[in-house]
Amino acid sequence: MLFHHHGYVSTDPRVLPASGVGVDRSPELPDTMDVLVVGAGPAGMTATAQLAMFPEVMTCLIDRRDGRLEIGQADGIQARSVETFQAFGFAEEIIAEAFDLTEMNFWKPDPQNPEHIIRTARTVDDPAGVSEFPHLIVNQARVLDYFARYAKNAPSRTEPYWGWEFVSLEVGEGEYPVTVTLKRSGEAPNGGTAQGEERTVRAKYVLGGDGAHSRVRKAIGAQHVGAVSYHAWGVMDVIAETDFPDIRTKCAIQSKHGSILHIPREGGFLFRMYVDLGEVDENDNGAVRKTPLETIIRKANEIVSPYSVDVKDVGWWSVYEVGHRVTDRFDDVPTEEAGTRTPRVFIAGDACHTHSAKAGQGMNVSIQDGFNIAWKLGHVLTGLAPESLLATYTAERQEIAQNLIDFDREWSSMMAAKPEELESASALEDFYTKTAEFPAGFMTEYKPGLLVGENTHQELAGGFTLGKRFKAHPVHRVSDTNRKYLGHQHTADGRWRVYVFADAAPSGSQDSAVRTWAEWMGGENGPVRAFTPEGWDPDSVFDVSVIYQQPHQEVELMKAPRVFRPQVGPFQVTNLNKVYGVDPEQDIFEGRELSRDGVVVVVRPDQYVAHVLPLSATDELMEFFRPIFTR
């Protein structure tokens, strides 16, 4: 965390100085706004938190609830989400209160007594070590709390406007082309609009994160494509007395009487069970959703026999049928008109993809939806990028959602199957281990296009796959000698990261390839001057760092090129935190298969690798950036 460069700070440095729309911001919902976010769930809250870092952008988040979510239905936090939490500054805090999921056990019928279950396998949760961050279980409400705090402490001082329900919208012309009708769903504070009264506001853009029954989705005519599986599950968060030995370990239980996905919750006592209620007749018309809690508890006890679960307290429970649906588009531009006009309304999270809870993907994918669209809106609304950038949201996220549905359909079907129906006795645990990278959130790979370059030079950085998230790795910061994970300094501030892996020449060399590149990058014809608005700090659009091949003790900090030592803030003091040396025990050049001739790795604001280029490819890098920025 960097601070003091705007003056001495003695209070919480996470509370950034208010600026732009955050100065004297009114608690009342305004009549006009840049972005209206509908729904304070994972997608909407993440998007709001990211947009809050753009103080020039008036973002308003509404939700029909009267206040914060108290009981969240989602609880699984994949490692990719924890990486994202790191960018938003609360990974360490949420890890401390969460359940750390390190193993998953598998239970099946005892061959000697099929009425009873026995443990048949133990698997490590992340056998391939795809991330340094853990797989967590924590209440969704707490995740939303942390994002809300980030937005409130950001320069724009964004807080939710509770008690507003979305009714309808129309897209027209003008500075604020989206006209939105809202209705007061709760008691208005300070004697404002009365409950039930309607109000019209206007916005430049609208983001609908209002759930599976999204009114925003219906308002733009987008269609959910898919079907219900006609298989019902009961889910309950409970505190119970039990002799089941793996009650504090994640388990997949398959018995003669059905299946359970068992998940320990944070706090040491609470746990969640997804209990198989069996096939549902297609003419059921939702009657199965009226299954009483007592039936779910009885069924759970049948499945875990010879063990028992004596439920003492129930925090939350529900019954649902598995549905797999993806919306035909994620914005208001009909498919046949894509590319002909600017999208003005977007949908994210459950509003555009629904699936089972078995793979723990709902909240996690929704967070990435919100992250993806928000930085793009921020760039467009601050004049950094053209409106054409916004069309990449549907193009990128719709395919990811479809991949999720395909994976979830297979996983949930296997979970619902009887052991004898699977192709082998170990089919379930084999599939879980083989596909671990997908549910962890690391199989997302955006295709080449406006925001991802061609893979012409991928061999120069084999460990940083184009279109996939930037995988952090230990290095040593030269200025203070501290060991850091390169990538953990990538905060959710809307900036592009440019990581420059130097050639073998010493840092003080005057004729090295990295020095030639650096002089171009920060020079008259380079991207920093070309695309950074006048008056902004030189690292406000591009955060450019260098990693030398030598250990930090051999790197001469003050001889590193100036683009890696920019002068920032009102006092124009030099930022010395962007120069690194290798960790001798975990050399990043070896660990990430980096060319010893040097290589440039460009990373988008949402942490995905945008380009890999040799140090000599300055023209190619400039041509990549040119259509992304407006200047």
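**View 1. Contacts of Asn 153 in the predicted model.** Leaving aside neighbours within four places in sequence, Asn 153 is in contact (heavy atoms within 4.5 Å) with Arg 14, Val 15 and Leu 16. Asn 153 belongs to helix 4, residues 140-153; helices (H or I, at least four residues) and strands (E, at least two) are DSSP runs numbered from the N terminus. With a relative accessible area of 14%, Asn 153 is buried; buried means under 20% relative accessible area, exposed over 50%, and partly exposed in between, for a 1.4 Å probe and protein chains only.

This is a predicted model, in which local features need pLDDT of at least 70 and side-chain atom pairs count only at pLDDT 80 or more, while totals for chains, interfaces and linings use all residues. Residues are numbered from 1 along each chain as its sequence is written, and side-chain values use heavy atoms, with hydrogens and water left out.

**View 2. Packing of helix 1 against helix 7.** Helix 1 (residues 42-51) and helix 7 (residues 362-381) pack at an angle of about 35°, and their axes are 7 Å apart. Axes are lines fitted to C-alpha atoms, for helices over the stretch in contact, and angles run from 0 to 180 degrees between N-to-C directions. Residues of helix 1 in this contact include Pro 42, Ala 43 and Leu 51, and those of helix 7 include Met 363, Phe 371 and Trp 375. By class, the contact has 10 nonpolar, 5 polar and no charged residues; Ala, Val, Leu, Ile, Met, Phe, Trp, Tyr, Cys and Pro count as nonpolar, Asp, Glu, Lys and Arg as charged, and the others, Gly among them, as polar.

**View 3. Stacked rings of Phe 464 and Phe 501.** The structure holds 30 aromatic pairs; rings of Phe, Tyr and Trp (its six-membered ring) pair if their centres lie within 6.5 Å, and planes under 30 degrees apart count as stacked, over 60 as edge-to-face and the rest as tilted. For Phe 464 and Phe 501, the ring centres are 6.0 Å apart and the planes are at 25°, so this pair is stacked. Phe 464 lies in the loop between helix 9 (427-434) and strand 19 (473-477), and Phe 501 in strand 21 (residues 496-501), 37 residues apart. Both Phe 464 and Phe 501 are buried.

**View 4. Stacked rings of Trp 517 and Phe 564.** The ring centres of Trp 517 and Phe 564 are 6.5 Å apart, with planes at 10°. Trp 517 is in helix 10 (residues 513-521), and Phe 564 is in the loop between strand 22 (542-551) and strand 23 (567-568). Trp 517 is buried at 2% relative accessible area, and Phe 564 is buried at 0%.
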